[in-house]
Amino acid sequence: MKTLFIEAKYKEKIELDNNMIDKLPKNIGLIATVQFTSQLKDIKKQLEKQDRKVFIGKGMQKYEGQIMGCDYSAAEKIKNNVDCFLYIGSGQFHPLGLRTDKKIFS
């Protein structure tokens, strides 16, 4: 059976609230579902302006920072460098499977 995957990208600009950023630890790992991966570099810049160090891993998926409910390799690549993960996506399904002792913000 042939399968066709069609990516649906979120087109609005994501602006993080400075009060929320203030609550995040110093070293942050960014992860996202495919809809939001194109926004990660801009989100990284926002966080770095607030004196955070940001890591985006590249795993087995097509994009840097991309996770799925069954693949967390992007997060696994950077887990030793971060104090927490910031998940950009909708719902809680995708970050639930990330086995880590790090806090996951969304």
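A residue is called buried when its relative accessible area is under 20%, and exposed when that area is over 50%. The model described here is predicted. With a relative accessibility of 9%, Ile-88 therefore counts as buried.

**The sheet**

- Strands of a sheet pair through backbone hydrogen bonds, and the pairing is either parallel or antiparallel.
- Four strands form an open sheet in the order E2-E1-E3-E4, and their pairing is parallel.
- The edges are held by E2 and strand E4 (103–105); each has a single partner strand, so one side of each has no neighbour in the sheet.
- From one strand to the next, the twist averages 30°.
- Five bridges join strand E1 (residues 27–32) to E3, in the parallel sense.
- Helix H2 packs on this sheet and touches E1, E2 and E3. The direction of H2 makes about 160° with that of E1.

- Ile-88 belongs to strand E3, which covers residues 84–88.
- Opposite Ile-88 in E3 stands Ala-32.
- Ala-32 is also among the contacts of Ile-88 when neighbours within four places in sequence are left aside.

**Asp-51, an exposed loop residue**

- The loop between helix H2 (40–49) and strand E2 (53–55) contains Asp-51.
- Asp-51 has a relative accessible area of 52%, and therefore counts as exposed.
- Although Asp-51 is not a glycine, its phi is positive, at about 65°.

**The largest pocket**

- Rolling a probe the size of a water molecule over the atoms shows where empty space is left.
- The largest pocket holds about 220 Å³ of space.
- Its lining consists of Phe-5, Ile-6, Glu-7, Ala-8, Val-34, Gln-35, Gln-61, Lys-62, Tyr-63, Gln-66 and Met-68.
- Sorted by class, the residues lining the largest pocket are six nonpolar, three polar and two charged.

Notes. Residues numbered from 1 in each chain as written. Predicted model: local features only at pLDDT ≥ 70, side-chain atom pairs only at ≥ 80, totals over all residues. Heavy atoms only, no water. Helix = DSSP H or I, 4+ residues; strand = E, 2+ residues; numbered from the N terminus. Buried < 20%, exposed > 50% of the residue type's maximum accessible area, 1.4 Å probe, protein only. Contact = heavy atoms within 4.5 Å. 1 Å grid on protein atoms, 1.4 Å probe; cavity = no way out; pocket = protein on both sides within 12 Å on 5 of 7 lines; lining within 4 Å. Points joined across faces, edges and corners; volume = space filled by probe spheres on them. Nonpolar A, V, L, I, M, F, W, Y, C, P; charged D, E, K, R; others polar. Pairing = 2+ DSSP bridges. Axes fitted to C-alpha atoms, helices over the stretch in contact; angles between N-to-C directions.
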